[in-house]
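Below are some notes for a colleague who has not looked at this model before. They begin with one residue and widen to the whole chain.

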Amino acid sequence: MIITIDGTSASGKTTAARELANRLGFALLRTGAMYRALAYAAHHAGLKEQATCEDFAPHLKDWQIDADDQYVYLNQNDVSQVIEGNLMSHLSSTWAELPAVRKHINAAIHKRAECYLAEGRSFVAEGRDQGSFVFPNAELKFYIDADVNERAKRRLLDLHHREDRSKTQEQLAQELHRRDLRDKSRSFAPLVVPQDAIIIDSTHISKQQVIDQLYQAVQQYREKAG
């Protein structure tokens, strides 16, 4: 079984996907980690933030990206720790707009999915185009969203937990708004609500309530499918 969870940045989809996969005993396909791994490779190859598809073209064939339930790999080397942080997050979101980058990561996603399915494992894939583009035939699709100010508040709390007080909630809200516009307006595989997706607004509900809604929907689907 394939379940996709798409949505806006800081809407809670990553946490929800991880917890749902744990509760169901499914594998987790972490597409965001794959993009950060590619950003790490590109940054260390000297590519600038304004890099184009042409700039990436000579390099992509040399970057093998993979991510399982626990680790993220670049050319079979564990890069799980070094891809975390604001820089890789920023660069990955910027370069993810490029069709060549998305196609390269989508190929890696499909390769990991084939491994899971060959092992007889169902999985949850989270991202911004999983149900709409990467796995359009997924059995169950979700789209999680929240008010941009609420998302900024959550991002601020997360930064404070990491003792990072470099930005205000207003600045974060502006950044998230710009990210939304980029994701929704890019020419290749933009962020949209996938056809037949179940929409969850997480603005006024807790993380646990989001996970409970996801789990209940999966159980209802299973009951109907027999």
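1. Ala 189 is a buried residue, because its relative accessibility is 8%; buried means under 20% relative accessible area, exposed over 50%, and partly exposed in between, with a 1.4 Å probe and protein chains only. Ala 189 sits in the loop between α8 and β8 (198–201). Its phi is positive, about 50°, although Ala 189 is not a glycine. Most residues other than glycine have a negative phi.

2. The model is a predicted one, in which local features need pLDDT of at least 70 and side-chain atom pairs count only at pLDDT 80 or more, while totals for chains, interfaces and linings use all residues. Residues are numbered from 1 along each chain as its sequence is written, and side-chain values use heavy atoms, with hydrogens and water left out.

3. Glu 163 is exposed, because its relative accessible area is 73%, whereas Ala 189 is buried.

4. Ala 189 is also one of the residues touched by Arg 102. Contact here means heavy atoms within 4.5 Å. Not counting residues up to four places away in sequence, Arg 102 touches Tyr 35, Ala 96, Asp 129, Arg 186, Phe 188 and Ala 189. Arg 102 belongs to helix α5 (residues 99–118).

5. Is Arg 102 buried or exposed? Arg 102 is buried, because its relative accessible area is 3%. Its side chain and that of Asp 129 are joined by a polar contact of 3.1 Å. A polar contact is a pair of N or O atoms within 3.5 Å; within protein, one must be able to donate a hydrogen and the other to accept it, and residues adjacent in sequence count only if both atoms are side-chain atoms.

6. Arg 155, in helix α7, counts as partly exposed because its relative accessibility is 27%. Leaving out residues up to four places away in sequence, Arg 155 touches Ser 9, Ala 10, Leu 172 and Leu 176.

7. Ser 9 is also touched by Asp 180, along with Thr 8 and Arg 151, again not counting residues up to four places away in sequence. Asp 180 is in helix α8 and is buried, because its relative accessible area is 7%.

8. For the protein as a whole, there are nine helices and eight strands; helices (H or I, at least four residues) and strands (E, at least two) are DSSP runs, numbered from the N terminus. Buried residues make up 46% of the 226 residues. Of the contacts with a separation of 6 or more, 78% are between residues 24 or more positions apart.

9. How does the radius of gyration compare with that of a compact globule, and what is its value in the protein? The protein has 17 Å, which agrees with the value near 17 Å for a compact globule of 226 residues. The radius is taken over C-alpha atoms, and the globule rule is 2.2 Å times the number of residues to the power 0.38. Along its principal axes the C-alpha trace spans about 50 × 45 × 30 Å.
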